[in-house]
Amino acid sequence: ARGRGGRDVMNRRGGVAALIALAMATFVYLAYVSGVGNMYLPSESVASTTSLRVGRVAIPARIANPSPPAPAPLVDERPEPAPEPRASPAPTSPAVVRDDRKDEGRKLPMECPMVDVADPENVAAVARSLGDASDVVVFATQDIEHWRAELLVNVILNLVSVNVTSVVTVGRHKHTCETARRDNPDVVRCCVYSTWLDGHDALKRWTLAEDHAYVLWLIRYRFALDIMRAGSVGVLVSDSDMWFERDPFELLKDESTGLGTHSVVANVEGEPFPSINGGLVYFRADLPGKGGRYLLEVFNNHVDDLLADESPPECHKERGVGTQVVWGAMMDQDILRDAAETAVAGAPLWWSYTHHVCLFEGGYDEATKAKMEMKGEHPETLDWSRSGRLLPRPFESHPAVQALKHPLNESEEHPLNESEEHPLNESE
């Protein structure tokens, strides 16, 4: 019994140590990615092509021949100015929302009506609540365990601390917003919900439950486009497990860093274009060409096509164990990556729909071969330097991150730097 007790104590100590290590690693990672930006520009249009067969998958005409949104000319990028020392930006003048308590005058997040944003008139009401804000941060939340709700509260308070008060949270149901506002009345002050996909037959065809996270994420990106149209505002789509060292919009619009010359700025996952992380993407509204809005339109038009698909593709019987096409085709991140390539190439390249590994009898190798044959017809999707740009981190990060800068980013002995062909090293 003593031996078992000793092992239990050691196991508990080991578990605590592991949790602390995980928390530190997460903090370092989030702080690091908050300083990495990757950009790409949209093509003039999404060209119509004929229906084609890829491997064993016939692409329905509506997917192969999408209705393109309004053309977006390639006029976003301007030459970067010569680098020179930059003074610290002047502090913004955030809106001050007053209440009737003793701490009157303290900053609070914006407030908006709790409405169903499946209705365009309600989206317009939310847009009016933004006042003269030029940008908004959009989060998503659902009925989940308490610690995730705390992440949302934490990041909203974090944004207020850096003078960003234009924040909207999108919930799946009205009672989600009611609970969030009841529990955190001074933080979650603008929470909306959407009935857009309630009872939608397509979810059954795609074997998605209405409360699945993918459904919430699609609603978030639909709202991002709707609020951009209604309010003519830029939209930062963000997950709640984030931390912002400073006002993100000041950084995203800073031309001296190169970020301010692009319509779309995205966090990527260390792989070649377009390895966008769907949990942190900025769609800018005020640059010529409207590239941010264009990409959101390409994304949402394709979602409409997926929802209209009467017979989603089925996995090959030997390759469909433990996976389904839906895990790629209906995931916001994979759709966004495909939308980026589609916009750049001017042709429908919906890989998550047509080239899911489970669709090919030969598995990954066959799927990759078929994909590369199509990409060969669109070389701009193979060349990062022509379809996007990697910029160096535009500012010094938190001291905890800077202390790790050498082994993470510069050491030739680091595993990420072993290959001279690593695309990120070449770009830098």
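**Exercise 1. In which crossing, left-handed or right-handed, does helix 7 pass helix 9?**

Solution. Some ground rules come before the steps. This is a predicted model, where local features need pLDDT of at least 70, side-chain atom pairs count only at pLDDT 80 or more, and totals for chains, interfaces and linings use all residues. Residues are numbered from 1 along each chain as its sequence is written, and side-chain values use heavy atoms, with hydrogens and water left out.

Step 1. Find the two helices. Helix 7 covers residues 213-231 and helix 9 covers residues 291-308. Helices (H or I, at least four residues) and strands (E, at least two) are DSSP runs, numbered from the N terminus.

Step 2. Take the geometry. Two packed helices are described by the angle between their axes and the distance between the axes. Axes are lines fitted to C-alpha atoms, for helices over the stretch in contact, and angles run from 0 to 180 degrees between N-to-C directions. Here the angle is about 135° and the axes are 10 Å apart. That makes helix 7 oblique to helix 9. Angles under 35 degrees count as roughly parallel, over 145 as roughly antiparallel, 65 to 115 as roughly perpendicular and the rest as oblique.

Step 3. Read the handedness. Helix 7 passes helix 9 in a left-handed crossing. A crossing is left-handed if the near helix is turned anticlockwise from the far one by less than a right angle, and right-handed if clockwise.

Step 4. List the contact (heavy atoms within 4.5 Å). Helix 7 contributes residues including Leu-218, Tyr-221 and Arg-222, while helix 9 contributes residues including Leu-296, Phe-299 and Asp-304.

Step 5. Sort the contact residues. They divide into 8 nonpolar, 2 polar and 5 charged. Ala, Val, Leu, Ile, Met, Phe, Trp, Tyr, Cys and Pro count as nonpolar, Asp, Glu, Lys and Arg as charged, and the others, Gly among them, as polar.

**Exercise 2. Describe how helix 3 packs on helix 7.**

Solution. Step 1. Helix 3 spans residues 120-129. Its axis lies 9 Å from that of helix 7, at an angle of about 65°. Helix 3 and helix 7 are therefore roughly perpendicular to each other.

Step 1. Helix 3 passes helix 7 in a right-handed crossing.

Step 2. Val-123, Ala-124, Val-126 and Ala-127 of helix 3 meet Phe-223, Asp-226, Ile-227, Ala-230 and Gly-231 of helix 7. These residues divide into 7 nonpolar, 1 polar and 1 charged.

**Exercise 3. Where does Lys-290 lie, and is Lys-290 buried or partly exposed?**

Solution. Step 1. Lys-290 lies in the loop between strand 9 and helix 9.

Step 1. Lys-290 is partly exposed, with a relative accessible area of 44%.

Step 2. Check the backbone. Lys-290 has a positive phi of about 55° although it is not a glycine.

Terms used. Buried means under 20% relative accessible area, exposed over 50%, partly exposed in between (1.4 Å probe, protein chains only).
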